[in-house]
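Please look over the chain shown here before reading on.

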Amino acid sequence: MAAPQREPFAPSKVIQTEYPLIDNDPHFTRVIGYARPSDYVHGLVAAAFGPGALLFMEKFSPSRVGKGGFAPAMRLAGAVGAVGGFLYFYQRSALRFYGATENSREIEMDMKEMVAKVKAGEPLYGESQLTPHMQGVAARQSRYSSLFMSIMPWFNFVNHNQHGVDTAKYYQQAERELEAERLAKV
């Protein structure tokens with residue numbers, strides 16, 4: 001019987017940036033959870049721009065669409081604005097994971113979160129119901145996807161272990177903290 005064919009492992013690419021890479025395929029919940037208040041403000045301003053611009057144009061140059069014609073246009077502008085505002089908010093937060101923008105706060109949050117998982121004996125990036133092959137497929141499909149948010153919104157909803165960073169740093173930090181705790185007790 002012939003040995004089963006193995007798929008070649010393709011290591012994840014790392015884009016050279018000014019700031020350190022935290023994760024090249026962050027999970028949706030991590031991106032939302034690590035968002036800064038400024039991300040929320042920028043997202044809300046972007047969401048309000050569409051309906052605000054439509055209202056401004058209607059005020060200074062009425063469309064005269066008749067009774068009930070302006071309300072559906074405002075609802076559509078509000079829906080498009082809300083989707084656009086969310087995508088802008090999400091992308092601003094995700095770019096920090098890639099190291100594309102200043103991310104010192106997120107680096108600290110990431111280290112604390114991952115070290116806590118190491119100490120608790122949990123998998124770093126969560127447990128997945130998918131096979132390792134399907135986890136790899138999902139990782140390859142969503143890696144650096146936030147860089148193309150304006151072309152094709154794509155999010156990572158899969159837990160997998162292919163994030164483009166050396167996870168040894170989390171285990172080393174956990175060992176240092178556990179050693180410091182042990183010495184403090186003595």
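Predicted model: local features only at pLDDT ≥ 70, side-chain atom pairs only at ≥ 80, totals over all residues.

An unreviewed UniProt entry assigns residues 17–102 to "domain: NADH-ubiquinone oxidoreductase 21kDa subunit N-terminal". In the model this span is 69% helix and 0% strand, and its end C-alpha atoms lie 10 Å apart. The unreviewed entry also places the feature "transmembrane region" at residues 40–57 and 69–90. Residues 40–57 are 100% helix and 0% strand, with 26 Å between the end C-alpha atoms. Residues 69–90 are 95% helix and 0% strand, and here the end C-alpha atoms are 33 Å apart.

A further annotation from the unreviewed entry, "domain: NADH-ubiquinone oxidoreductase 21kDa subunit C-terminal fungi", is put at residues 111–182. That stretch is 50% helix and 0% strand, and 20 Å separates its end C-alpha atoms.

Arg36 sits in the loop between helix H1 (28–33) and helix H2 (37–60). Is Arg36 buried or exposed? Arg36 counts as buried because its relative accessible area is 16%, under the 20% cut-off. Leaving out residues up to four places away in sequence, Arg36 touches Arg96, Glu102, Asn103, Ser104, Arg105 and Glu106.

The largest nonpolar core has 12 residues: Leu21, Leu95, Tyr98, Met114, Val115, Val118, Leu124, Tyr125, Tyr144, Val165, Tyr170 and Ala174. At least two residues of this core come from each of helix H3 (70–98), helix H4 (104–120) and helix H6 (168–185). Which of these helices gives the most to the core? It is H4, with 3 residues. Met114, a member of this core, is in contact with Arg30, Leu124, Tyr125 and Tyr170 when neighbours within four places in sequence are left aside. Another core, of 11 residues, lies apart from the largest one; among them are Ile22, Ala35, Phe89 and Phe97.

Technical notes: Residues numbered from 1 in each chain as written. Heavy atoms only, no water. Core = buried A, V, L, I, M, F, W, Y, C linked by side-chain atoms within 4.5 Å. Buried < 20%, exposed > 50% of the residue type's maximum accessible area, 1.4 Å probe, protein only. Helix = DSSP H or I, 4+ residues; strand = E, 2+ residues; numbered from the N terminus. Contact = heavy atoms within 4.5 Å. UniProt positions renumbered as here; feature names shortened; annotations may be inferred.
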